[in-house]
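Please look over the sequence and the model shown here before reading on. The report then moves from the overall fold to a single element.

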Amino acid sequence: MTPHEETIVLEARDILGRYLSQNPVIGSWQALMDYCALTVRGPIERFHVLYLDRKNRIIADELLSTGTVDHVPVYPREVIKRALMLNASALILIHNHPSGDPTPSEADLNMTKEIQKGCKYHGLTLHDHIIVGAGTELSLRALGKL
């Protein structure tokens with residue numbers, strides 16, 4: 001990415017952040033995908049969680065972990081703990097695959113299942129787990145994995 005392109009991406013993230021702070025409901029599937037693509041894509045793996053209230057308004061978008069080019073540590077206990085601290089009702093998990101291929105790994109699927117179990121136990125809803133690749137995003141719910 002050129003320095004000019006990096007500047008444009010940073011400006012787009014800033015604009016999107018301001019928009020979401022004023023309109024904190026993700027109103028469409030495309031808006032969610034655009035948000036994921038702009039905030040999570042990058043050269044190292046990043047794991048974000050969107051914490052939502054009962055009306056699916058964003059309470060917080062939190063970067064819970066950063067990793068390497070091919071791994072990011074995720075602790076389901078911490079994901080759930082933070083949801084309870086924020087009084088969230090629902091979650092959307094988001095992480096990127098710097099390789100560009102958004103196909104979920106076995107570790108991705110197992111971690112999602114563990115978080116889903118914790119959500120169910122605590123009365124939280126796990127809406128989706130979005131994996132961001134190069135120019136494409138993949139939904140585990142759409143794949144039937146949730």
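This is a predicted model: local features need pLDDT of at least 70, side-chain atom pairs count only at pLDDT 80 or more; totals for chains, interfaces and linings use all residues.

## Fold and dimensions

The chain contains 4 helices and 5 strands, and these follow one another along the sequence in the pattern α-α-β-β-α-β-α-β-β. The C-alpha trace spans about 45 × 35 × 25 Å along its principal axes. Because a compact globule of 146 residues would have a radius of gyration near 15 Å, the 15 Å computed for the chain agrees with that expectation.

Taking the contacts between residues at least 6 apart in sequence, 64% join residues that are at least 24 apart.

Of the 146 residues in the chain, 40% are buried, where buried stands for a relative accessible area under 20%. The chain exposes about 8,200 Å², and 55% of this area is supplied by carbon and sulfur atoms.

## Helix α2

Helix α2 covers residues 29-40, which makes 12 residues, and its first and last C-alpha atoms are 16 Å apart, close to the 16 Å expected at 1.5 Å a residue.

Which residues of α2 are buried? They are L32, M33, Y35, C36, A37, T39 and V40. In general, an α-helix has 3.6 residues a turn, so residues three or four places apart point the same way. The buried set of α2 includes L32, Y35, C36 and T39, and it can be read on the model with that spacing in mind.

Key:
Residues are numbered from 1 along each chain as its sequence is written. Side-chain values use heavy atoms; hydrogens and water are left out. Helices (H or I, at least four residues) and strands (E, at least two) are DSSP runs, numbered from the N terminus. The radius of gyration is taken over C-alpha atoms; the globule rule is 2.2 Å times the number of residues to the power 0.38. Buried means under 20% relative accessible area, exposed over 50%, partly exposed in between (1.4 Å probe, protein chains only). Contact means heavy atoms within 4.5 Å. Accessible areas come from the Shrake-Rupley method with a 1.4 Å probe; for residues, only the protein chains shown count as cover. The expected span of a helix is 1.5 Å times one less than its number of residues.
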